[in-house]
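I opened this notebook to record what I looked up in one structure.

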Amino acid sequence: MQAAPVRATAIPSFTDALRAVESLLMSSGQRTARRNAWTSVLEDRRRAKDRVEAQRVLESVMPS
């Protein structure tokens with residue numbers, strides 16, 4: 001009995017598939033703009049989380 005052949009290529013992830021579709025539908029400038037916008041969103045979320053944490057620390061050390 002023969003063993004099943006080994007797949008030589010990896011199955012692309014969902015993200016890889018979305019990027020492939022994106023590259024077909026959008027120009028390079030649009031892709032860059034979208035990625036920059038998403039990076040900004042993630043950075044804003046990080047700063048908001050940091051602000052909340054700083055506020056908690058300040059409230060915990062300030063006398064009532």
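I began with the assignment of secondary structure: helices (H or I, at least four residues) and strands (E, at least two) are DSSP runs, numbered from the N terminus. I note that the model is predicted, that local features need pLDDT of at least 70 and side-chain atom pairs count only at pLDDT 80 or more, while totals for chains, interfaces and linings use all residues. Residues are numbered from 1 along each chain as its sequence is written, and side-chain values use heavy atoms, with hydrogens and water left out.

**Entry 1: the chain as a whole.** I found 2 helices and 0 strands in the protein chain. I then looked up the accessible surface, computed by the Shrake-Rupley method with a 1.4 Å probe, where for residues only the protein chains shown count as cover. The protein chain has about 6200 Å² of accessible surface, and 61% of this belongs to carbon and sulfur atoms. For burial I used relative accessible area: under 20% is buried, over 50% exposed, and in between partly exposed (1.4 Å probe, protein chains only). Of the 64 residues in the protein chain, 3% are buried.

**Entry 2: salt bridges.** My criterion was a side-chain nitrogen of Lys or Arg within 4 Å of a carboxyl oxygen of Asp or Glu. The structure holds 5 such salt bridges. I examined one of them between R46 and E43, whose closest N and O atoms are 2.4 Å apart. Why are R46 and E43 separated by about one helical turn? The reason is that they are 3 residues apart in helix α2 (residues 28-61). R46 is partly exposed because its relative accessible area is 40%, and E43 is partly exposed at 31%.

R46 also forms a salt bridge with D50, at 2.6 Å between the closest N and O atoms. D50 and R46 lie 4 residues apart in helix α2, about one turn of the helix. Salt bridges with shared partners join E43, D44, R46, R47 and D50 into one network.

R47 has a relative accessible area of 37% and D44 one of 41%, so both count as partly exposed.

**Entry 3: a nonpolar patch.** Patches are made of residues with over 30% relative accessible area and no salt bridge; like charges are joined within 9 Å, and nonpolar side chains (Val, Leu, Ile, Met, Phe, Trp, Tyr) within 5 Å. I found that V21, L24, L25 and M26 make a nonpolar surface patch of about 430 Å². V21 lies in helix α1 (residues 14-25) and is partly exposed, at 44% relative accessibility.
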